[in-house]
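Please keep the sequence and the structure in view while reading.

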Amino acid sequence: MKALLSVDPGGPESLRLSNIPVPDPGPGQLRVRVLACGINYPDVLVIEDKYQFKPPRPFAPGVEVSGVVDAVGEGVTGWRKGDSLIATLAQSNGGLAEYAVFDAADAFKIPEGQDPIAAAGLLLTYATTIHALADRGNLTAGETLLVLGAAGGVGLAAIEIGKVMGARVVAAVSSEEKAEVVLTAGADDVMVYDRAPFDKEQARALGLAFKERVGPEGAHVIYDPVGGDYAEPALRCIAWEGRYLVVGFPAGIPKIPLNLPLLKSCDIRGIFWGGFARRAPDHNRRNILQLIDWWTAGRITPKIDQIFPLERGGEAIARLASRSAVGKVIVTIGA
């Protein structure tokens with residue numbers, strides 16, 4: 001089978017399209033013919049050995065797939081050849097390949113009539129976000145949610161889930177084009193910020209702009225998948241006893257003055273969905289089934305930025321790394 005492999009550490013250009021054997025499913029596993037693979041920020045990091053999990057090489061990046069069951073391993077029930085599914089391969093990678101093997105417990109059936117290409121953009125961004133907003137952020141109806149990087153995959157997911165949960169959503173983006181996208185996604189208000197890095201005066205101005213947008217009470221929950229120079233100005237607009245959700249750092253790891261959480265009596269809460277899914281699989285499964293229900297009902301809809309074929313999978317990862325994507329980047333393989 002064809003697979004796009006990381007043979008040596010490097011950027012997207014280092015990936016090699018190769019022929020490797022089709023894997024066999026072990027006990028408790030499924031083998032799928034992959035239709036599509038969603039690209040996520042860990043794919044950018046893992047091929048450069050910058051992620052906390054370092055799979056043995058060679059490996060195919062990609063941990064979020066949609067596909068069709070091709071073979072059922074020993075002891076697996078509830079699945080048969082030909083079933084359509086979405087799944088995460090968080091322990092093994094392997095999504096940028098024609099076939100993938102993973103534990104049946106990590107798979108979910110695609111409801112009849114739903115698009116398998118869009119399905120490849122449902123799990124990681126939305127599962128991370130429902131865990132962040134519901135489990136860690138304790139977001140409640142009527143609260144104000146500030147979303148940074150709101151036009152990216154996780155940002156758009158935060159807008160949609162925030163609205164489903166009854167929040168007032170303020171979206172922060174880096175261009176007028178992205179502002180139109182987030183308003184279409186359901187944001188109640190939007191602000192356009194400049195690109196970092198910021199000097200002291202620019203950071204102060206950004207903090208004041210955040211405060212103006214979220215209102216005098218402040219943002220009860222801040223969803224930050226960006227980090228870098230945006231973090232401290234955003235934290236300065238948080239509400240009393242607000243919750244600041246740390247999701248990712250494509251703009252760099254920020255240094256936060258700890259007097260700010262003290263003055264606002266607020267919490268800074270980390271979001272590591274992969275660790276949560278391993279430690280609380282039943283809770284995670286309930287979250288994902290809720291997402292599938294919302295998706296089927298049309299309350300959430302993965303927005304696709306661009307679709308690439310397998311041989312251009314490196315370009316897909318590069319597009320996500322450039323922070324220019326508006327929504328999910330998808331690689332189609334067997335579709």
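A residue is called buried when its relative accessible area is under 20%, exposed when that area is over 50%, and partly exposed in between. With a relative accessible area of 48%, Glu241 therefore counts as partly exposed. The structure described here is a predicted model.

**Nonpolar cores**

- The largest nonpolar core has 48 residues, and Leu133, Leu145, Ile161, Val182 and Ile300 have the most contacts inside it.
- At least two residues of this core come from each of several elements, including helix H3 (123–136), strand S8 (144–147), helix H4 (153–164) and strand S9 (168–173). Helix H5 (176–184), strand S11 (219–224), helix H9 (273–279) and helix H10 (281–296) each supply at least two residues as well.
- H3 gives the largest share of this core, 7 residues.
- Another core, of 33 residues, lies apart from this one; Val32, Val44, Val76 and Trp79 are among its residues.
- Which residues does Ile161 touch, if those up to four places away in sequence are not counted? They are Tyr126, Thr129, Ile130, Leu133, Leu291, Trp294 and Ile300.

**Helix H3 against helix H4**

- Two packed helices are described by the angle between their axes and the distance between the axes.
- For H3 and H4, the angle is about 50° and the axes are 9 Å apart. The two helices are therefore oblique to each other.
- H3 passes H4 in a right-handed crossing.
- On the H3 side, the contact is made by Thr125, Tyr126, Thr129, Ile130 and Leu133. On the H4 side, it is made by Gly153, Val154, Ala157, Ala158, Glu160, Ile161 and Gly162.
- By class, the residues of the contact between H3 and H4 are 7 nonpolar, 4 polar and 1 charged.

**Helix H3 against helix H10**

- The axes of H3 and H10 come within 10 Å and cross at roughly 110°. H3 and H10 are therefore roughly perpendicular to each other.
- The crossing of H3 and H10 is right-handed.
- From H3, the residues Leu123, Tyr126, Ala127, Ile130, His131 and Asp135 take part in the contact. They meet His283, Asn287, Ile288, Gln290, Leu291 and Trp294 of H10.
- The contact of H3 with H10 contains 7 nonpolar, 4 polar and 1 charged residues.

**Two residues in helices**

- Apart from neighbours within four places in sequence, His131 is in contact with Arg136, Ile271, Trp273, Phe276 and Asn287.
- Val46 is found in helix H1, and with a relative accessible area of 2% Val46 is buried.
- When residues up to four places away in sequence are not counted, Val46 touches Tyr51, Phe53, Pro55, Arg57, Phe59, Pro61 and Asn93.
- Val46 and Ala277 are 231 residues apart in sequence, and their C-alpha atoms are 19 Å apart in space.

**Backbone features**

- Most residues other than glycine have a negative phi, and most peptide bonds are trans.
- Where is a cis peptide bond found together with an omega of about -5°? This bond joins Arg57 and Pro58. Pro58 is placed in the loop between helix H1 (41–46) and strand S4 (64–72).
- A cis peptide bond also joins Ala196 and Pro197, with omega at about 10°. Pro197 belongs to the loop between strand S10 (189–192) and helix H6 (200–214).
- Asp49 is not a glycine, yet its phi is positive, near 60°. Asp49 is located in the loop between H1 and S4. At 30% relative accessibility, Asp49 counts as partly exposed.
- Glu241, although not a glycine, has a positive phi of about 60°. Glu241 is found in strand S12 (residues 238–246).

Methods: Residues are numbered from 1 along each chain as its sequence is written. This is a predicted model: local features need pLDDT of at least 70, side-chain atom pairs count only at pLDDT 80 or more; totals for chains, interfaces and linings use all residues. Side-chain values use heavy atoms; hydrogens and water are left out. A nonpolar core is a set of buried Ala, Val, Leu, Ile, Met, Phe, Trp, Tyr and Cys residues joined through side-chain atoms within 4.5 Å. Buried means under 20% relative accessible area, exposed over 50%, partly exposed in between (1.4 Å probe, protein chains only). Helices (H or I, at least four residues) and strands (E, at least two) are DSSP runs, numbered from the N terminus. Contact means heavy atoms within 4.5 Å. Axes are lines fitted to C-alpha atoms, for helices over the stretch in contact, and angles run from 0 to 180 degrees between N-to-C directions. Angles under 35 degrees count as roughly parallel, over 145 as roughly antiparallel, 65 to 115 as roughly perpendicular and the rest as oblique. A crossing is left-handed if the near helix is turned anticlockwise from the far one by less than a right angle, and right-handed if clockwise. Ala, Val, Leu, Ile, Met, Phe, Trp, Tyr, Cys and Pro count as nonpolar, Asp, Glu, Lys and Arg as charged, and the others, Gly among them, as polar.
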